[in-house]
Amino acid sequence: VIWVGEMYGTINVAARDMVLEQFGEEAWEDILAGAGLGKDEEWVKNHYYPDGVTVGLVLSAAKKLGANPDDVFEMYGNYFIKYLKDNGLDQLLWIMGSNLHDLLHNLDYLHAHLQDTFPSASFPHFRVEDQSPPGFTLFYESSRGGLLAPFVHGLLRAVSIEIFQTEVELTYEVNDKGAVFHIRNNPSTRDTLAATARAKKEQTAPLREVFAESLAPSKAPNGYAAGAALLAETGLDMSFFLECWPFYMLLDPDLHIIACGASLHERIPQATDAGVRFDDVFEVLRPPILEDVSFAKFVLHTNVTFKVRSKEAVGTGGTKLVLRGAMHHQGGKLLFLASAHILGIDDMVALGCHMAELPLHDSGRDLLFMAETRTAEEHLNKRLDRLSKELAE
């Protein structure tokens, strides 16, 4: 078999660390020799290596350990999560979802970003197909076919245990494109997902009234009526709105928050209490509305970007929630469509925020990954500078 792709160096570095930690330096040197590599071979995380090098290491390790190559790949998948945690990347995994299902939903977005950042490497494609609270299906597609399916199998098991402290029932079948994984949640996770679905349905009631009026053909502007009528006829499930805007707010003319997204309510549960106004819990940072806020002033600024901040801390270390978005006047109410204004993974962790709370259309996702890449590069440069000084001395 000829492998024509390239793998990112982190894969080989982690493989080396696994063997050294679990089997010792002598075993690693034997595995290198079996793969036709010298014992002084240096692996660099930010370098690309041919697929054949990585596969050669696994085949050599299988021979050395007297194991099946698939078992070695799966063992390596289990270890890879430990490697990420030991290297400070567990926060990245944590913010990608509050459960395995949500993390896997965001995994393809991460790989798409990595593909843009490291174009010479070959990253897989993941797609989650929801079935019901008891479980879901993960489609794994790769230019390498099903070669690394056992690695993914081990990885999934380790993520569910190490990151989410829960076990799942997991089976898979390999195919020409990659593999199909069937994942069944444990009973407690099923109950949690079912409760979340019920809560989302209850939150849509105030929105239905506003959207029913704004989508009415008689209220729609020219050129928009046909589309509005079609949307109204579909009986569109408003749960899609909650997924796209988990930090939205719906304000009445007295600026009472009559509805809000699940992510906002989780952090400021008193926001929708009777009599609570927008300015009781938020301050406006932008636009510069110096006097007391009012419904009329908000309506005058519906064509500008709003940036608001919670008056009280909602996260660890006194972190306040900052939202960035726009006000929309419809149905006699104000709809604030906003996303959490987050500048880095530390902000996500401090707010207890997961990637699933940033919609796919939100460029904040890319900014997070870019910030993490820059941080990793800074750490690498500092390490190289330190080593250079040590060599010079």
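Are F278 and F298 buried or exposed? Both are buried, meaning under 20% relative accessible area, where exposed is over 50% and partly exposed lies in between, with a 1.4 Å probe and protein chains only.

Some ground rules. This is a predicted model, with local features needing pLDDT of at least 70, side-chain atom pairs counted only at pLDDT 80 or more, and totals for chains, interfaces and linings using all residues. Numbering runs from 1 along each chain as its sequence is written, and side-chain values use heavy atoms, without hydrogens or water.

Confidence next. pLDDT is the predictor's confidence in each residue, from 0 to 100. The protein's mean is 77, and 73% of its residues reach 70 or more. Over residues 214-231, pLDDT stays under 50. Where pLDDT is low, the predicted coordinates should not be read in detail.

Now the rings. The whole structure has 10 aromatic pairs. Rings of Phe, Tyr and Trp (its six-membered ring) pair with centres within 6.5 Å; planes under 30 degrees apart are stacked, over 60 edge-to-face, the rest tilted. Y172 and F181 are stacked, because their centres are 5.0 Å apart and their planes at 25 degrees. Y172 is partly exposed at 28% relative accessible area; F181 is buried at 0%.

Back to F278 and F298. Their pair is edge-to-face, 5.4 Å centre to centre, 85 degrees between the planes. Both also belong to one aromatic cluster with F282, F306 and F336.

How values were computed
Contact means heavy atoms within 4.5 Å.
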